[in-house]
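The sequence and the structure come first.

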Amino acid sequence: MEDDSLHDDVLSQLEDLRLTPQRPLIVSDADEVIFAFVRSLEGFLLDNGHFMDLQSFALRGNIRDAKTREAVSAEMVKSLLGDFFSERTEQIEPVDGAAEALAALSERAQILVLSNVPLDQISARRRALVKNGMDYPLIANIGRKGGAMAYLAERHEAPIFFLDDIPHNISSVAQKAEEVTRLHFIADHRLRDLLGAADDAHVRIDDWPGVRRYIEDSLSQQGY
Ligand SMILES: [Mg+2]
């Protein structure tokens with residue numbers, strides 16, 4: 001059972017945030033929600049003697065050696081991912097429509113990016129956000145996201161929305177901060193077909209204009 005608690009290195013970042021409790025808050029994941037993680041990782045793998053063969057919603061078992069065509073070990077997956085983050089975090093491509101939708105939504109809500117990017121890549125991820133027109137505060141999370149969302153929800157009065165591609169993060173938020181509205185979002189067309197709506201999500205939406213409509217309607221219904 002993975003831990004839902006809040007890591008000290010995450011807590012210290014949350015404590016530095018300056019949010020307005022009375023203004024709605026949208027907390028978005030980065031990889032596979034506002035950045036095209038899988039597409040970018042695929043490019044990196046091809047440059048490094050591997051390829052991705054997406055048979056399930058997981059990296060493990062789906063990264064193969066280009067020569068032998070064998071799936072690589074879990075250790076190798078971890079090492080390739082580490083190299084990908086150190087080499088390509090700043091160059092990662094954005095998801096279509098993310099910057100436009102967030103810019104529109106930021107007129108009615110605060111935006112926060114909550115990403116499980118490795119801590120030593122925070123600056124590179126910040127630069128990628130700025131470069132792609134998404135200059136919003138970034139928290140580098142560790143582990144499941146319920147702990148961080150509980151911290152935010154306890155201090156917030158206005159509605160909070162949470163977006164993520166990974167079902168266990170959505171479940172973690174459902175457990176620790178159930179008042180948060182949870183959107184399940186998967187940008188990659190192949191990945192999204194491999195996974196149904198997360199059990200603990202309020203809604204599954206895979207495109208940014210759709211997210212914008214959903215959040216705007218929800219805010220209007222709640223009088224914001
Ligand atoms: Mg993600």
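Arginine 69 counts as exposed, at 53% relative accessibility, because the cut-off for exposed is over 50%. The model is predicted. Arginine 69 sits in the loop that runs between strand S3 (63–65) and helix H3 (74–88). Its phi is near 60 degrees, which is a positive value in a residue other than glycine. For background, most residues other than glycine have a negative phi.

Glutamate 32 also has a positive phi, near 80 degrees, and is likewise a residue other than glycine. Glutamate 32 belongs to the loop between S1 and H2. Is glutamate 32 buried or exposed? With a relative accessibility of 3%, glutamate 32 counts as buried, because the cut-off for buried is under 20%.

## Residues of helix H2

Helix H2 spans residues 37–47 and holds glutamate 42. Glutamate 42 has a relative accessible area of 18% and is therefore buried, given the cut-off of under 20%. Apart from residues up to four places away in sequence, glutamate 42 touches Met52 and Arg190. The C-alpha atom of glutamate 42 is separated by 9.8 Å from that of phenylalanine 84, and the two residues are 42 residues apart along the chain.

Leucine 45 is another residue that lies in helix H2. Leucine 45 is buried, and its relative accessible area is 0%. Which residues is leucine 45 in contact with, leaving aside its neighbours within four places in sequence? They are His50, Phe51, Met52, Ile63 and Leu80. Between the C-alpha atoms of leucine 45 and aspartate 83 the separation is 10.0 Å, with the residues 38 residues apart along the chain.

## Arginine 125 in helix H5

Arginine 125 is placed in helix H5, residues 122–131. It counts as buried, at 0% relative accessibility. Leaving aside neighbours within four places in sequence, the contacts of arginine 125 are Ala30, Asp31, Phe35, Phe85, Thr89, Ile92, Ser115, Val117 and Leu138.

## Serine 171 in helix H7

Serine 171 has its place in helix H7, which covers residues 167–176. Not counting residues up to four places away in sequence, serine 171 touches Arg144 and Asp200. With aspartate 200 there is a polar contact between side chains, at 2.6 Å.

Helix H4 (residues 98–105) has six of its eight residues buried, so it is largely enclosed by the rest of the structure. Those buried residues are Ala98, Ala99, Ala101, Leu102, Ala104 and Leu105. Their cover includes strand S1 (25–28), strand S4 (110–115) and helix H9 (208–221).

In helix H6 (residues 146–154), eight of the nine residues are buried, so this helix too is largely enclosed by the rest of the structure. The buried residues of H6 are Gly146, Gly147, Ala148, Met149, Ala150, Tyr151, Leu152 and Ala153. What do the buried residues of H6 pack against? Helix H1 (8–16), S1, S4, strand S6 (160–164) and H7 are the elements in question.

## The chain as a whole

The protein chain contains nine helices and eight strands. Its radius of gyration is 17 Å, close to the 17 Å that the globule rule gives for 224 residues, so the chain is as compact as a globular protein of that length. Along the principal axes, the C-alpha atoms fill a box of roughly 60 × 35 × 35 Å. Of the 224 residues in the chain, 51% are buried. Among contacts with a separation of 6 or more, 67% are accounted for by residues 24 or more positions apart.

The accessible surface of the chain comes to about 10600 Å², and carbon and sulfur atoms hold 46% of it. How many positive and negative side chains does the protein chain have? There are 24 positive and 39 negative side chains, and the centres of the two sets lie 2 Å apart.

Methods:
Residues numbered from 1 in each chain as written. Predicted model: local features only at pLDDT ≥ 70, side-chain atom pairs only at ≥ 80, totals over all residues. Heavy atoms only, no water. Helix = DSSP H or I, 4+ residues; strand = E, 2+ residues; numbered from the N terminus. Polar contact = N/O pair within 3.5 Å; in protein donor to acceptor, adjacent residues only side chain to side chain. Contact = heavy atoms within 4.5 Å. Rg over C-alpha atoms; globule rule 2.2 N^0.38 Å. Buried < 20%, exposed > 50% of the residue type's maximum accessible area, 1.4 Å probe, protein only. Areas by Shrake-Rupley, 256 points an atom, 1.4 Å probe, with all protein chains shown as cover. Lys, Arg positive; Asp, Glu negative; His and termini not counted. Charge placed at Lys NZ, Arg CZ, Asp CG, Glu CD.
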